[in-house]
Amino acid sequence: MAGANIELKLVGQWASVFVTRVKLALHLKGLNYESIEEDLRNKSELLLSSNPVHKAVPVLIHNGKPICESQIIVEYIDETFAGIGPSFLPADPYERAVARFWAAYIEEKLVAPWDRVFRAKTNEERDEATRKMFAAVDVLEGGFKECSKGKGFFGGDNIGYVDIILGGAISYAKAAEALSGAKLFDAAKTPLLAAWMERFSELDAAKTVLQDVDRVVEHGKMLIAKNAAQPSTTD
Amino acid sequence: MADGKEGDLKLLGMHVSPFAHRVSMALGVKGVRYEYIEEDLFHKSELLLSSNPVHKKVPVLIHDGRPICESLAIVEYVDEVWSGDGRPAILPADPYERAIARFWASYIDDKFFPAWLGIMRATTEEARGEKVKETQDAVQNLEKAFSEIAGGKGFFGGDTVGYLDLALGCFLPWFGAMRMMFGLEVIEAATAPLLAGWAERFGETAVAKEVLPEPEKAVAYAKKLQAYRASLNK
């Protein structure tokens with residue numbers, strides 16, 4: 001599996017938290033890949049043919065075969081390159097199930113409403129989605145406690161699957177204060193997650209991969225304004 | 001974990017919950033015995049509330065006192081714990097095939113399930129029509145997926161049932177219920193012949209026969225839910 005013949009292409013887009021997850025995973029494993037930046041308003045033939053069902057980024061293309069859905073891609077990277085770099089999912093089946101539980105929670109309860117904050121057409125919609133996000137962060141603080149068992153990451157001493165899944169959103173978490181007026185991971189309310197975010201940000205992979213926060217703030221403001229102004233979305 | 005001993009195994013479920021059925025069927029595939037506990041979702045037990053405090057939902061598998069939640073995570077857990085010893089595998093061995101299986105399971109839960117559930121929950125003909133169209137589109141995608149994945153064999157898992165067979169097959173009683181309640185065929189033989197053949201074949205398997213209830217039970221529960229919702233609106 002290791003060596004110069006690995007052909008990995010990542011079809012992505014700079015702003016996407018889902019793409020960021022995959023970049024983190026690839027960097028943590030020390031894998032070389034070709035990064036293809038999509039204009040999502042003008043999707044390439046490559047994207048449309050490799051993800052015909054969702055037509056969405058990220059798509060990892062490994063030796064010509066496409067893998068879609070960021071969590072699935074991260075797990076694929078973990079399994080395929082098992083001998084290389086750190087393992088993401090724990091070895092123990094129970095701990096793996098707990099990690100999968102929290103990854104699913106993050107997707108359904110945190111990321112989904114978060115996305116709606118940007119796409120909301122009314123203030124009410126945005127406020128409701130924001131409320132749900134913050135409620136999820138409170139629950140996730142407990143999830144961190146459960147997974148980390150007193151250590152620094154969801155994965156324990158080292159980064160694991162859930163760290164990567166949540167880590168993809170860190171630049172947006174940092175942008176939250178500028179965008180909504182409130183910190184997403186507030187040290188006063190969710191100290192474990194706030195500390196985790198700082199700790200994660202210090203990693204080499206994070207420094208290489210995570211988007212510039214100011215750029216994310218600008219992008220977020222643009223999305224919010226665009227969606228609030230239109231009665232129907234063209235996404 | 002390597003010895004695959006059952007230990008103390010309880011499954012909190014509900015007799016017409018397709019998600020609980022995924023787990024029952026996975027345990028059936030592995031030949032593992034467990035204690036089944038029927039939950040009344042209108043009066044949730046202390047055990048359910050304490051084992052799944054985040055979602056308060058079934059299914060929950062409690063193994064040696066430790067709860068595992070989320071049906072697909074539980075199925076993967078069952079597959080990992082009771083592996084080897086001649087027991088059938090649920091997920092494929094190859095990482096790429098596993099990624100494909102997980103992709104379609106995710107599609108089933110994120111796109112297909114909300115679409116057909118939406119048919120049942122729609123309050124206007126227009127809304128129902130929209131959900132019917134969404135469901136039909138999803139079925140077409142799943143038909144294509146079946147032809148790519150099954151490779152000419154009888155199940156998504158090949159010669160024997162696997163992860164996707166359980167992920168999709170769990171809904172058969174509810175498809176029967178929709179036939180009875182709306183005259184609607186979710187998997188139409190004319191437009192989804194491969195899936196229609198698969199559905200019949202899956203329904204005939206030992207594991208489906210052992211676990212899946214008659215559609216009448218799903219219809220009865222749907223009526224109970226309807227009555228409950230109506231009472232809330234008074």
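UniProt, in an unreviewed entry, places the feature "domain: GST C-terminal" at residues 94–225 of chain B. UniProt positions are given here in the numbering used for this model, feature names are shortened, and annotations may be inferred rather than shown by experiment. Over residues 94–225, chain B is 75% helix and 0% strand. The end C-alpha atoms of that stretch are 42 Å apart. Helices (H or I, at least four residues) and strands (E, at least two) are DSSP runs, numbered from the N terminus.

Before going on, the basis. This is a predicted model, in which local features need pLDDT of at least 70 and side-chain atom pairs count only at pLDDT 80 or more, while totals for chains, interfaces and linings use all residues. Residues are numbered from 1 along each chain as its sequence is written, chains are lettered from A and ligands numbered from 1 in the order in which they are written, and side-chain values use heavy atoms, with hydrogens and water left out.

Now the backbone. Most residues other than glycine have a negative phi, and most peptide bonds are trans. In chain A, the bond from A:Val57 to A:Pro58 is cis, with omega near 0 degrees. A:Pro58 sits in the loop between helix H2 (45–50) and strand S3 (59–62). In chain B, a cis bond joins B:Val58 and B:Pro59, with omega about 0 degrees, and B:Pro59 lies in the loop between helix H2 (46–51) and strand S3 (60–63).

Which residues of chain A other than glycine have a positive phi? One is A:Lys55, with phi near 55 degrees, in the loop between H2 and S3. A:Lys55 is partly exposed at 39% relative accessibility; buried means under 20% relative accessible area, exposed over 50%, and partly exposed in between (1.4 Å probe, protein chains only). Another is A:Glu69, with phi about 80 degrees, in the loop between strand S4 (65–68) and helix H3 (70–80). A:Glu69 is partly exposed, at 25%.

Last, strand S3 of chain A. In a regular strand the side chains alternate between the two faces of the sheet. In S3(A), A:Val59 and A:Ile61 point one way, A:Leu60 and A:His62 the other, and all are buried. Two strands pair if DSSP finds at least two bridges between them. S3(A) runs antiparallel to strand S1 (residues 8–12), with 4 bridges, and A:Lys9 stands opposite A:Ile61. S3(A) also pairs with S4(A), antiparallel over 4 bridges, where A:Ile61 stands opposite A:Pro66. That hairpin has 2 residues between the strands, and A:Asn63 takes a positive phi near 50 degrees.
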